[in-house]
Amino acid sequence: MEPEQSMGSIKKEHTFSKKEKLKGKKAFEVLFSEGKTLKVYPLQLRYLPMDFGDESKVKVAVVTPKRKFKKAFQRNRVKRLLREAFRANKSLVFNNIEGNFALLFLYIGHTMPTFSEVEAAVRELLQNFVKPELHEKNS
RNA sequence: GCAGCAGGCCACCUUAUCGCUGCAAUCCUUUGGAUUGAAGAGGAAAGUCCGGACACCAUAGUGCAACAUAGCGGAUAACAUCCGUCCGUUGAAAAACGAGGACCAGUGCAACAGAAAGCAAGUACAGUUCGGCUGUAGUGAAAUCAGGUAAACUCUAUGUGGUGCAACGCCAUGUAAACCAGUGUUUGAGGGUAGCACGCCUAAAUUGGAGGGUAGGCGGUUUGAACUUUGAAGUAAUUCAAAGUCUAGAUAAAUGAUAAGGCUCGACAGAAUCCGGCUUAUGGCCUGCUUUUUCU
């Protein structure tokens, strides 16, 4: 498997297809029990190196706790904003990491955010996520 | 015009760019991918309160019990829903609401007043076949006589098995104490069966077959008591006929973001097996009706 081919499978920069979605009960359990955590209010990022068995480098999930948002339409809204923010800024990750990762964005705020708030938090998280990974590889 | 009552309709819009989900067509060597095309949440999708469809299970059957419903007539697959109508209550009216079957089958209950609303007593006067026999007065809605009451037991009629698509079927993986069939064995004991009785089910051992749970994939899964238009029957709910349409199928769960413009500045709120209702949340528009009072 050539690295160029795996990159070639992602032709456009700003997509978020089914392949990049994290699935399966076990993956979530492992991520919650063993994953590392980064926080930028109102978001929390959990991540863990994981081999998916397909070409995807990164799989992402988005979670909104029922405790914070009781109405389904509110949870949907937050999850959509998070997905959209990741989609717009995924190049930050793809261009700067090696290895496969499972990512999970957890919304820990109590109020309905705007898109710009979410996007800023996602950008900061991704940058924070990339830096230590580079550091570990280099050292 | 205000106020009130009833019914119906809509659910910010337009354009551009970047994305998401399944579907169809075409292309590529397959798993799969690419391109194009037409689609893509609600009136309540909600609460899970009723009624069904569908699926499985004798732990599913029968009788009793229990529960639900309750004028009358109709509609429906069915209902506690809907329509019509009578009666009652509320309101000035338009209208709304109703736990509206039966107390000459039985049992019970009854404030105040009253001696007494049953198992215990009887005031006054009069009559008398001299017996607390009869009448009148007095209390009360009702008095040794019937009434009232069934959101009192009860009776009557009708209906109700249970569990829910995480049902259920198949595939791949694949170890048993579980499953199926035969042999075998018994007071079918003990145990199980939402209440009771009957009934039903059930053991160890051994041989063979088949292969659980958990996680995964596929089916179930969207063509349906469907929708639109027209005609006919009916007061109506609704039914019948003809023509046309295909209209969400996700599964850590698809509808979003950005930019610009407009207006009345956008409420409640997200399909999860599917339908019919009910209830609750909620912005706006339109139509019809009522007239106690006030204004013109």
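This is a predicted model: local features need pLDDT of at least 70, side-chain atom pairs count only at pLDDT 80 or more; totals for chains, interfaces and linings use all residues.
Which residues have the most contacts inside the largest nonpolar core? The legends below take up this question after an overview of the chain.

View 1. Residues are numbered from 1 along each chain as its sequence is written, while chains are lettered from A and ligands numbered from 1 in the order in which they are written. Chain A holds five helices and four strands, where helices (H or I, at least four residues) and strands (E, at least two) are DSSP runs numbered from the N terminus. Read from the N terminus on, the elements follow the order α-α-β-β-β-α-α-β-α.

**View 2. The open sheet.** Four strands make up an open sheet with mixed pairing, and their order across it is β1-β2-β4-β3; two strands are said to pair if DSSP finds at least two bridges between them. At the edges lie β1 (36–40) and β3, each of which pairs on one side only. Strands β1 and β2 run antiparallel and are joined by five bridges, and L38 has L45 in β2 as its bridge partner.

**View 3. The largest nonpolar core.** In answer to the opening question, the residues with the most contacts inside this core of 25 residues are L43, L82, L103, F105 and V122. A nonpolar core is a set of buried Ala, Val, Leu, Ile, Met, Phe, Trp, Tyr and Cys residues joined through C-beta atoms within 7 Å. Two or more residues each come from β2 (43–49), β3 (58–63), α3 (72–89), β4 (101–107) and α5, and β4 gives the largest share, six residues.

**View 4. The surroundings of L82.** When its neighbours within four places in sequence are left aside, L82 is in contact with V62, F105, Y107 and V118, contact being defined by C-beta atoms, placed from the backbone, that lie within 7 Å.

**View 5. N128 in helix α5.** Residue N128 belongs to helix α5, which covers residues 115–138. N128 counts as partly exposed because it has 14 C-beta neighbours inside 10 Å; a residue is buried if 20 or more other C-beta atoms, placed from the backbone, lie within 10 Å of its own, exposed if 12 or fewer, and partly exposed in between. Although N128 and K39 stand 89 residues apart along the chain, their C-alpha atoms are separated by 9.2 Å.

Conventions:
Two residues are in contact if their C-beta atoms, placed from the backbone, lie within 7 Å.
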